[in-house]
Amino acid sequence: MVIGRLIGRVIGRRRTRAARRAALWYAVNRRWDVAPGTHPVPRWSGLVTSSVGCSCGRPDCRAPGAHPIDPCWLARATDDPTTVEWWWSRYPNASIVLPTGRSFDVIDVPEAAGRRALDRLDRLGVPLGPVAATRTGRYLFFVVPGAREELPALLDWQDWPDIDLGLRCHGEGDYVIAPALEPLPRSATWWVRPPGDTNRRLPEAHLVIGTLAHACQRASLVRAQLIGA
């Protein structure tokens, strides 16, 4: 237990520095609004983590370490570096909440579909924005704001059947948890394609939605075959 706690402190200090650097980088370099979020609280058993709780303290938390701290986060999210510095001095372990619907929307698909779609989009030469993966097995594709409102019409226009593709879109009033700029243990999210100079220009939803929907359908069929086998 003692060794586990020591390891946890080392990881915690590294996470603190990385989260602060990343929050400032997103605010200053990308002009993305940010807000502080909760962080995971590991429960150690010897040298391994037996489970992960949430810093909010709720035993029934549905998103451990991956939701805003402040109930008014949406109104207070900002790209002002002074405010960001103050937040991470007050909440040094905070995760980074990025409001969607402002600088970007995020199309959220199952991991298997995300991997397939990313490979296909690369082969087609479609310019992409940042792409992240989550601990819960999802891929997050950053696209131009307004995608959530456009999505039903785009899927209907492309004649997708009325089935659950497992495809979601985060838009105005929602959020995603941003990865740090470096890989960290127990992170809720991490970058598959990090933000940089080459992907500042985000794709329109119509450029990627067909490939993402097709990949989701394929992934759904594979899951069904495995279950039926």
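1. Tryptophan 32 is buried in this predicted model, with a relative accessibility of 4%. Tryptophan 32 belongs to the loop between helix 1 (2–29) and strand 1 (35–37), and phenylalanine 104 to the loop between strand 4 (95–99) and strand 5 (105–110), so the pair ties together parts that are 72 residues apart in sequence.

2. The count of aromatic pairs comes to nine. Why is the pair of tryptophan 25 and tyrosine 26 called edge-to-face? The ring planes stand at 80° to each other, with the centres 5.9 Å apart, and planes over 60 degrees apart count as edge-to-face. Tyrosine 26 is buried, with a relative accessible area of 0%, whereas tryptophan 25 is partly exposed at 24%. Ring pairs join Trp25, Tyr26, Trp32, Phe104, Phe142 and Trp191 into a cluster.

3. Arginine 31 is found in the loop between helix 1 and strand 1. Most residues other than glycine have a negative phi. Arginine 31, although not a glycine, has a positive phi of about 60°. The residue is partly exposed, at 45% relative accessibility.

4. Aspartate 33 and arginine 102 meet through their side chains in a salt bridge, at 2.7 Å from N to O. Aspartate 33 lies in the loop between helix 1 and strand 1, and arginine 102 in the loop between strand 4 and strand 5, so this pair ties together parts that are 69 residues apart in sequence. Arginine 102 is partly exposed, with a relative accessible area of 34%.

5. How many salt bridges does the structure hold? The structure holds ten. Side chains of opposite charge can pair when their charged atoms come close. Glutamate 182 lies in the loop between strand 9 and strand 10 (189–193) and arginine 21 in helix 1, so the pair ties together parts that are 161 residues apart in sequence. Glutamate 182 is partly exposed at 28%, and arginine 21 is partly exposed at 42%. Another salt bridge joins aspartate 197 to arginine 200, with 3.6 Å between the closest N and O atoms. Aspartate 197 is exposed, at 67% relative accessibility, while arginine 200 is partly exposed at 41%.

6. An open sheet of three strands has the order 1-4-9 and antiparallel pairing. Its edge strands are strand 1 and strand 9 (175–178), each pairing on one side only. On average, neighbouring strands of this sheet are turned by 40° against each other, direction ignored. Strand 4 and strand 9 pair over four bridges, and isoleucine 96 stands opposite alanine 178 in strand 9. Helix 3 (residues 81–90) lies across strand 1 and strand 4, at about 20° to strand 1.

7. The largest nonpolar core has 29 residues, of which Ile107, Val109, Phe141, Leu167, Val208 and Leu212 touch the most other members. Elements that each supply at least two residues of this core include strand 5, helix 4 (111–124) and helix 6 (205–228). Helix 6 gives the most, with eight residues. Leucine 212 touches Ile107, Val109, Ala117, Phe141 and Leu167, not counting residues up to four places away in sequence. A second, separate core of 23 residues includes Ala23, Leu24, Val84 and Trp87.

Methods:
Residues numbered from 1 in each chain as written. Predicted model: local features only at pLDDT ≥ 70, side-chain atom pairs only at ≥ 80, totals over all residues. Heavy atoms only, no water. Phe/Tyr/Trp six-rings, centres within 6.5 Å; stacked < 30°, edge-to-face > 60°. Buried < 20%, exposed > 50% of the residue type's maximum accessible area, 1.4 Å probe, protein only. Core = buried A, V, L, I, M, F, W, Y, C linked by side-chain atoms within 4.5 Å. Contact = heavy atoms within 4.5 Å. Pairing = 2+ DSSP bridges. Axes fitted to C-alpha atoms, helices over the stretch in contact; angles between N-to-C directions. Salt bridge = Lys/Arg side-chain N within 4 Å of Asp/Glu carboxyl O.
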